[in-house]
Amino acid sequence: MQIYLPIAEMSIPVETIFLLGGFVGFISGVFGVGGGFLTTPLLIFMGIPSAVAVGTQGSQLVASGVSGVMAYWRRGHVDFMVGSVMLAGGILGSVVGIIFFQFIKYLGQIDLIISLLYIVLLGSIGMMMLFESAFSMFKKKTVKSEFNRFKSPSLIHKLPYKMRFPRSKLYISVLVPGGIGFVSGFLVSTMGVGGGFLLVPAMIYILGMPPLLVAGTSLFQIIFTSAFATIMHATVSNSVDILLAFFLILGGVIGAQIGVVASKKVTGARARIILALLVLGVCSQIAMQLFLLPSDLFVMVVK
Amino acid sequence: MLLSAFLTMPLCAQANHNDLAVAIASNHIDITVGFDGSTIELFGDRRDQDTNVAIVVEGPKKDVTIWQKAKVMGTWVNRYYVKFTDMPIYYSYAISTDEVGEHLQNVMLENGIGHEALFKKIKHKSSKKLKNDRNFYNEFVRKSSELGVFFEEPVKLKFINNNFFRASFKVPASAPTGEYKIHSYLIKDNKISDYKLDSLVVKQVGLNAFINNSAYDYSLIYAAVCIFLALFSGWFVSVLRVKT
């Protein structure tokens with residue numbers, strides 16, 4: 001059944017959006033990631049204008065973030081104080097991201113910049129995840145603890161504006177969580193990804209947070225940053241399509257439930273290897289479009 | 001609606017004592033949630049059968065930039081461009097004859113009938129070091145044709161009798177919203193002897209219009225509703241997870 005999207009101003013089979021939402025929801029349920037890195041490029045492949053794809057994806061990130069953070073909150077695995085400082089950085093990152101997004105749109109190089117950002121981000125994260133998972137398959141299992149075995153770099157401790165974060169047992173400059181939040185906010189507003197796969201390692205290795213609190217805290221921050229990015233996209237560029245978001249979320253809700261059931265069969269390093277291959281698959285698809293001779297050398301932009 | 005336009009047409013023509021009379025079956029196309037394309041139907045009457053009729057349907061005008069990719073440092077990037085200002089982003093035309101001779105072709109070119117004439121009429125600006133602007137226009141035509149909003153070949157006017165005719169112009173699901181202008185020309189002795197201008201509006205209605213208007217007129221409230229929808233869905237999923 002065809003559905004006309006009022007903001008994208010195009011007709012598209014509703015089943016396609018629903019299935020895409022369901023697929024991303026399934027991935028989210030199995031691997032515990034937001035799935036923004038899949039939704040935005042797939043929406044663009046389907047012909048949705050990149051501005052609408054990025055703008056709309058923010059609201060889906062809010063939905064997946066809330067469902068995730070509720071589970072962590074019940075177990076007490078969210079550090080709201082660190083999350084709030086990250087959020088302040090995230091909001092600033094969103095504003096900068098929106099300005100950057102409008103600028104590259106004006107230059108006519110939006111596809112190039114977004115593609116390059118995706119290649120760098122997905123390529124590096126995918127490779128890191130693949131190697132880490134492959135090595136950990138041969139190692140003994142470790143339990144996520146309230147203590148971080150990794151020490152953050154010494155330069156981090158020399159930064160000013162230090163603050164105490166009792167829940168994470170940290171005494172660190174607010175610029176560090178604020179900076180990590182800034183990167184996340186920038187990614188949400190320019191690429192439509194929450195950046196959980198980037199935030200989590202940064203919070204462990206740079207911030208030195210206990211791994212047990214990392215996922216819940218990053219999701220807490222992503223909810224508000226994504227909500228803010230959605231407001232910015234809706235008010236600055238009118239590029240949030242609520243009908244598209246509705247069907248993506250609806251598919252995502254069902255897909256996530258199936259994913260949670262399936263996740264019991266795919267766990268640990270094996271699951272991370274599959275996710276890494278998925279991330280690298282999307283990355284190589286985007287890279288091919290950028291580095292190989294395109295099937296169409298001309299692009300039309302209507303304003 | 002079609003029948004009424006059909007029945008009133010000869011009366012309109014006689015009442016106005018014009019050489020050409022044209023009526024559109026409907027002056028609006030409504031885009032609903034399930035919109036999958038439509039047609040612009042029009043009927044016309046000419047007094048003299050030794051004349052030619054040409055009809056041009058122009059969609060809303062926007063600025064269109066055609067970029068050509070080139071390899072820069074190993075990557076294919078948008079390198080050269082031609083920007084066409086006030087370009088109709090829907091264009092279709094009909095002509096009453098299959099044989100377009102040199103004289104008729106000249107009349108069409110002078111009066112903006114057909115895509116060759118459109119290229120001459122449209123202002124354009126190009127990037128430096130670009131020699132062939134025409135190639136970019138051809139690419140615009142190709143890309144718009146693929147989207148179904150630009151028709152290179154003229155639509156055939158269907159004559160019901162010697163003078164009374166009908167034309168149908170396809171409007172695809174991807175058609176832009178806005179005002180469409182319908183220019184009707186009567187060509188006699190290689191000159192325009194009569195001209196009519198009609199218009200119709202392609203617009204979103206119902207839920208679509210409500211969403212579109214809200215997004216532009218009340219963007220902050222619209223964003224809040226989007227976020228509320230997302231928050232509610234996220235909460236609903238978490239409740240489902242606890243129960244399962």
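This is a predicted model: local features need pLDDT of at least 70, side-chain atom pairs count only at pLDDT 80 or more; totals for chains, interfaces and linings use all residues.
Chain A contributes 49 residues to the contact and chain B contributes 59. On the chain A side, Tyr4(A), Phe298(A) and Met300(A) lose the most area, together 16% of what that side buries.

One of the salt bridges joins Arg142(B) to Asp296(A), at 2.8 Å from N to O. Several elements of chain A supply at least two residues each, among them strand 1 (2-5), helix 3 (50-74) and helix 11 (268-291). Helix 10 of chain A gives the most, with 8 residues. By class, the chain A side has 33 nonpolar, 11 polar and 5 charged residues.

Strand pairing also links the chains. Strand 5 of chain A runs antiparallel to strand 5 (residues 61-72) of chain B, and 5 bridges join them. Within this pairing, Val302(A) has Val64(B) as its bridge partner.

Chain B is assigned domain 1 (2-204) and domain 2 (205-244). Their C-alpha centres lie 39 Å apart. In the contact, 6 residues of domain 1 meet 5 residues of domain 2. The area buried between these domains is about 490 Å², 57% of it from carbon and sulfur atoms. Thr32(B), Val33(B) and Gln204(B) supply 81% of the area that domain 1 buries there. The domain interface has 0 salt bridges and 1 residue pair in polar contact.

Terms used
Residues are numbered from 1 along each chain as its sequence is written. Chains are lettered from A and ligands numbered from 1 in the order in which they are written. Side-chain values use heavy atoms; hydrogens and water are left out. Domain bounds come from an automatic or database domain assignment. Contact means heavy atoms within 4.5 Å. Buried area is the accessible area (1.4 Å probe) that two parts lose on being put together, summed over both. A salt bridge is a side-chain nitrogen of Lys or Arg within 4 Å of a carboxyl oxygen of Asp or Glu. A polar contact is a pair of N or O atoms within 3.5 Å; within protein, one must be able to donate a hydrogen and the other to accept it, and residues adjacent in sequence count only if both atoms are side-chain atoms. Helices (H or I, at least four residues) and strands (E, at least two) are DSSP runs, numbered from the N terminus. Ala, Val, Leu, Ile, Met, Phe, Trp, Tyr, Cys and Pro count as nonpolar, Asp, Glu, Lys and Arg as charged, and the others, Gly among them, as polar. Two strands pair if DSSP finds at least two bridges between them.
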